[in-house]
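Welcome, and please bring the model up in your viewer.

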Amino acid sequence: MGAFLDKPKTEKFQEVGEGNGLRYAVASMQGWRVEMEDAHSARCAGLTDDERLRDWSYFAVFDGHAGARVSAHCADHLLDAIVAQEEFSEDVIKGIRQGFLELDDKMRNLPEMCSGEDKSGTTAVCAFVSPKGLFIANCGDSRAVLCRSGLPAFSTQDHKPGLPSERDRIVKAGGSVMIQRVNGSLAVSRALGDFEYKNVKGRGPCEQLVSPEPEIFMQERDDRVDEFLVLACDGVWDVMSNEDLCAYVRSRLQVTDDLREVTSQVIDTCLYKGSRDNMSIVLVVFPGAPRPYPEAVQAEKELEATLERRIKEIVEQNSDIEFLQLLSKLDTLEIEGLPPGGGLPSKRALIERMYKQLLPDRADTDLDAFN
């Protein structure tokens, strides 16, 4: 859903912070989409003035569609809606669920929603981090992945219309699943907003064509093996698997402790891997995450030196080579030491820099046409 630009918008929004023994970074990019519909929220130093929640943290990613109104509203209000629930202090999972449902119900009464002027919706994935556990809620196809001991140990499930349980609800509500979409149109089966899919009389809010009900998971924290948690929209997951992203982030943490740089590289790599969507990522780093060490830093320097040497050799052999041809040639060389999960696309910035340096007369027009 949504039109595309002639060239991607590559400016990034970035944010970093720390608190409660955690570090986090956010990065987002509009990319090829005509509009930026993603939103996010991050609170690392306590949720409220309530003494019981001062050592809790909250992170969320919202992937809007058909507009940015609902995603922005949820980024501003979902946390408050959840912690305001009486159930939250006694049963976190019930409180989160009720907060989602209540926020969705209240949004229906926003003037632009009542009039039908705004038909937007959003997926939502959020995480509450307490000293002892993680509470992760997902509604739609944004995703959370927890990396432990270098591997994805937990992942939320994407809510797609083709899933048997989702299809069953859609059909019972009088809808259909065509081309893996609700009524042939919407690519997610759970979302906040999207009220045109929530008007079946006689059925509750969680029995509609599109449900606002989150799927909620609890994971106990283990400081010995917990490394990091990633929350990201499908613009990231479209081009990187859980395993790829965990491996790539882990490799970046071994060469830099600058989380702003790590998340920036993830977004760039996803763009170069072919993502055509808005891209947003929240990276939450636990005390047990990898740290930079000399051997990894040196290996990274050697890899970049090798790439520079190979690029010079290729250009010397063919001074008229186009940028796409250069990438294809490099891809055939099977260069060792490329970042796991990122591969050659993760070094695209270096390749572009070398191309501009070696072929300045044609680089601007060639790279402009390629992008």
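Which residues touch the most other members of the largest nonpolar core? Select Tyr 58, Phe 62, Ile 96, Phe 100 and Phe 128: these five lead among its 31 residues. Such a core is a set of buried Ala, Val, Leu, Ile, Met, Phe, Trp, Tyr and Cys residues joined through side-chain atoms within 4.5 Å; buried means under 20% relative accessible area, with a 1.4 Å probe and protein chains only.

A note on the model: it is predicted, so local features need pLDDT of at least 70 and side-chain atom pairs count only at pLDDT 80 or more, while totals for chains, interfaces and linings use all residues. Residues are numbered from 1 along each chain as its sequence is written, and side-chain values use heavy atoms, leaving out hydrogens and water.

Next, color Ile 96 and look around it. Leaving aside residues up to four places away in sequence, Ile 96 touches Ile 82, Phe 88, Phe 128, Phe 135, Ala 137 and Ile 216, where contact means heavy atoms within 4.5 Å.

Finally, show the cysteines. There are zero disulfides here, a disulfide being a pair of cysteine sulfur atoms within 2.5 Å. Cys 74 has its nearest cysteine sulfur, that of Cys 139, 9.0 Å away.

Key
Buried < 20%, exposed > 50% of the residue type's maximum accessible area, 1.4 Å probe, protein only.
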